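This report covers strand pairing, helix packing, a chain-to-chain contact and domain layout, in that order.

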Amino acid sequence: MKRLGYFEKLSLAARWFLPQDEAESVVDDYKDILREVGGPEEAVERFGMPWKPVIELADRKKVLRWHSFIALITFCALVPVVDIFLEGTGFYLLDLSGDLLLCGIVYLFGLDVILGGSNSKVITWVSIVVLTLAGIFLFMLHPLELINNLFAPLKRAVFGIDFPICFQKEYFIIIGAAISMVYFGFGCKRRQQIKKSLILSCAAVLFVIACVYGFVMYCFYVDLSLMMHFEIITACEIAAVLLFIGALLSAIMMKMFDHRWRAVYILCIMGIVICFDAHSLWWNMDPSIYNEYGMPTAMFVKEVTSVLTWDLGYGLVLAAISLL
Amino acid sequence: MLKKDLIKLSMLHLLTVNDRYGYEVLSVLHRIFTDTQESAIYALLRELCRDKYTESYMGEISGGPARKYYRITDSGREKYDQLAEQWRAIKKFLDELGI
């Protein structure tokens, strides 16, 4: 494997810590400067370790903003994966808490964007206004329940009370998409062509999703007994972990090279959510879903189809928008 | 006036004489400010560029690859006058003290 030289390490550090335009300019400068320098040892002696020149240029607020961004999008991809391994019992929250969490995450992120300086002021302000109004409306509608729900996770931990499911896992697709759009905004200053690697990555993730979605549909419409194979569950778990790794890598790529990598990130979360749904379908098979011929009832099949197709549909739409 | 401002003043002065590429500025200033690492000097060059006191463009040199050159802007000249004025005042004061 080729070892990274001083310049390559400096370029990566610049792309990690600096905004894209500034990173490119700094990389250009150091390409010139290092041309005059004897070798890596001399470069270290004169400029310090490869990340040092970059740290000296970095704006602390913007670095903080980038790290809070990557922490949030990792969180969005990680929760459904963890929940798959906990067999859907990891995150029991009331409906309202789910809404609150959704508003809270996006709202706080919006504030962070304002404090850190925004790339797209219009989107930031619109999202802040909409989310603030939504928060106020929610509070006016159910003030007592809302306060109650704030303490719900604590109650569960202390008193062991179980709460009815449902923080919708689908919310994470929206949260992931929303914060990446707020963070990067739309449109490139210099319209560059979409790279082949980005297209291939989208295609690879779509292939995994098509396999999971296609398999579940095949089981429900043709042969349900296939769902009983334990390997299918393992396959779902492996796919979810791979998609999580894909989500993390694409998050790094969207900061360091092209923000349109967020399309891959959104597709990955969508894939994880579909894996979660397929996985929980297997674990939650109930005898009541079968008709007298041993096949699932038409209503259940319709419900499964609409849930998975809904995830697939808006995941694809958000991924397409994020290519702008 | 801090050392940082002195380096900036020197940079702007170099650029009032003629346009220079990054390495040229760094090597000249590092010869004067030997205890300051070149990466720190470069950070100040970027700061001047970010504050619009200088601007960059790609320039050709004969027989070599294109390089990024820096030139001073109008607001850079104003900043240069302001820093130079501060420096003269300090120098005068130090002379009066006999340092």
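Two strands pair if DSSP finds at least two bridges between them. Helices (H or I, at least four residues) and strands (E, at least two) are DSSP runs, numbered from the N terminus. The model is predicted: local features need pLDDT of at least 70, side-chain atom pairs count only at pLDDT 80 or more, and totals for chains, interfaces and linings use all residues. Residues are numbered from 1 along each chain as its sequence is written, with chains lettered from A and ligands numbered from 1 in the order in which they are written.

Chain B contains four helices and three strands, arranged along the sequence as α-β-α-α-β-β-α. Its C-alpha trace spans about 50 × 30 × 20 Å along the principal axes. The strand pairs of chain B are as follows.

| Strand pair in chain B | Sense | Bridges |
|---|---|---|
| Strand 1 (residues 20-21) and strand 3 (residues 67-72) | antiparallel | two bridges |
| Strand 2 (residues 54-59) and strand 3 | antiparallel | six bridges |

Within strand 3 of chain B, B:Tyr69 stands opposite B:Tyr21, and B:Arg71 is the bridge partner of B:Glu55.

In chain A, helix 5 (residues 60-85) packs against helix 10 (residues 171-184) at an angle of about 165 degrees, with the axes 9 Å apart. Helix 5 of chain A is therefore roughly antiparallel to helix 10 of chain A, a term for angles over 145 degrees. Axes are lines fitted to C-alpha atoms, for helices over the stretch in contact, and angles run from 0 to 180 degrees between N-to-C directions. Residues are in contact if their C-beta atoms, placed from the backbone, lie within 7 Å. Helix 5 of chain A contributes A:Phe69, A:Leu72, A:Ile73, A:Cys76, A:Ala77, A:Val79 and A:Pro80 to this contact, and helix 10 of chain A contributes A:Phe172, A:Ile175, A:Gly176, A:Ile179, A:Ser180 and A:Tyr183. By class, eleven of these residues are nonpolar, two polar and none charged. Ala, Val, Leu, Ile, Met, Phe, Trp, Tyr, Cys and Pro count as nonpolar, Asp, Glu, Lys and Arg as charged, and the others, Gly among them, as polar.

The contact between the chains takes 13 residues from chain A and 13 residues from chain B. On the side of chain A that touches chain B, helix 2 (20-35), helix 3 (40-47) and helix 4 (52-57) of chain A each supply at least two residues. Helix 2 of chain A gives the largest share of that side, five residues. The residues of this side of chain A comprise five nonpolar, one polar and seven charged.

Chain A is assigned domain 1 (6-57), domain 2 (60-87 + 191-321) and domain 3 (92-166), with bounds from an automatic or database domain assignment. The C-alpha centres of domain 1 and domain 2 of chain A lie 38 Å apart.

How values were computed: Contact = placed C-beta atoms within 7 Å. Parallel < 35°, antiparallel > 145°, perpendicular 65-115°, else oblique.
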